[in-house]
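Work through the following exercises with the sequence and the model at hand. Each task is followed by a solution in steps.

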Amino acid sequence: MPLPKSKTAGPPRGKPRVPPKLELCGGCRQFVQSETNFCPWCGAEVQALAREYAEKLEAARRTALHIERLLRELRR
Ligand SMILES: [Zn+2]
């Protein structure tokens, strides 16, 4: 089914708009633009909190793998 004429008439409008990339602030869980240094909502240093979060997540993953290995050894 073709689009109504009003949607296709007129010159092209240029490049399609791309929404800004957002990420969550680790301090207040509000969305902030990805290049933001300091959260406009709570003032936290966004990239430092993101690094801290990634380190904690990696430590949790290592711990989970360790527990999994220990449980496998118990079953033998
Ligand atoms: Zn914040």
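**Exercise 1. Confidence and fold.** State how reliable the model is, and give the order of its secondary structure elements.

Solution. The protein chain has a mean pLDDT of 90, with 86% of its residues at 70 or more; pLDDT is the predictor's confidence in each residue, from 0 to 100. This is a predicted model, in which local features need pLDDT of at least 70 and side-chain atom pairs count only at pLDDT 80 or more, while totals for chains, interfaces and linings use all residues. Residues are numbered from 1 along each chain as its sequence is written, and side-chain values use heavy atoms, without hydrogens and water.

Where pLDDT is low, predicted coordinates should not be read in detail.

Finally, count the elements: the chain holds two helices and two strands, in the order α-β-β-α along the sequence. Helices (H or I, at least four residues) and strands (E, at least two) are DSSP runs, numbered from the N terminus.

**Exercise 2. The zinc site.** Identify the donors of the zinc ion and classify the geometry.

Solution. Start with the donors (N, O and S atoms within 2.8 Å of the metal, or 3.2 Å for Na, K and Ca; water is not among the atoms, so sites may look incomplete). The SG atoms of Cys25, Cys28, Cys39 and Cys42 coordinate the zinc ion at 2.3 Å. Along the chain, the donors have the spacing C-x2-C-x10-C-x2-C.

Then take the angles. They run from 107 to 112° among the four donor atoms, and the site is tetrahedral, a term that for four donors requires all angles to lie between 85 and 135 degrees. The ideal value for four tetrahedral donors is 109.5 degrees.

Terms used: Tetrahedral: all angles 85-135°; square planar, octahedral: opposite > 155°, others 65-115°.
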